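Dear colleague,

I am handing over the structure below, and my notes on it follow directly after. Please read them with the structure open beside you.

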Amino acid sequence: MRNRSHHLLYGGLILLLATACTDAETGKKATLSATQVCDSTLTPSSAKALERLAATERFTELTGTNQRGDANKFSLELAAKRLYGGAKERNTCMVYKAGDDSGIPLLKIEFEPTKSHPDPQTEVRKADRDRLVFPLGAYAEINGDSGANLYFPCSTKGPEGASPYVRARMYSSGGQPAPGSSPEDRLAVLNDIARGLAEQLGCSDEAALPDRIPAPKNG
């Protein structure tokens, strides 16, 4: 089966995403429940948040391998192992609505180490109505109707030295989230996947991410 490609614009960067057709690279996508996506990291409450985001209870993820021979399917083990890799090397969770043949993901979640994070108090003062800042981790925010960021304390070490934080990022292209979903739904999903990675990296106590997100500081 031929492979179809789509260009998406995220934060000014054009990403080329291949749809998961049945071929040598991507294989056949299995239908998943909300609690099964992203290596089964979602709790019942965040799984419901994902269902509200998608207006469906069935999802798919990329399978098979990419052109480098790396697994497309997300796992906490691979995400931790490739944390210090480049953008194309990191293990990313790509969630699609089951039956959606557009090739555009509902959510794209990735992690990277970082030495710093935005200052919450400063960002609360600067935030407009399209951005909500939450007292979660070291810093957390929701941007408009498409993005979410969560920085959490997690000491890791890579080829170029140590990093005290991990940044979790979520993207969603325009028109993908259901109109009835709330911005907090995105952060609830991102928080649970981040909690799973923190446990995989051995920094759960340091990260101190709660099982439910608090109210925003500027909401």
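Among contacts (heavy atoms within 4.5 Å) between residues at least 6 apart in sequence, 59% join residues that are at least 24 apart. This is a predicted model, in which local features need pLDDT of at least 70 and side-chain atom pairs count only at pLDDT 80 or more, while totals for chains, interfaces and linings use all residues. Residues are numbered from 1 along each chain as its sequence is written, and side-chain values use heavy atoms, with hydrogens and water left out.

The protein has 6 helices and 9 strands, which are DSSP runs numbered from the N terminus (helices H or I, at least four residues; strands E, at least two). Of its 219 residues, 49% are buried, that is, under 20% relative accessible area with a 1.4 Å probe, counting protein chains only.

Helix α5 itself covers residues 183-201 and reaches 27 Å from its first C-alpha to its last, close to the 27 Å expected, where the expected span is 1.5 Å times one less than the number of residues. After α5 comes Gly202, whose phi is positive, near 80 degrees.

Methods:
Buried < 20%, exposed > 50% of the residue type's maximum accessible area, 1.4 Å probe, protein only.
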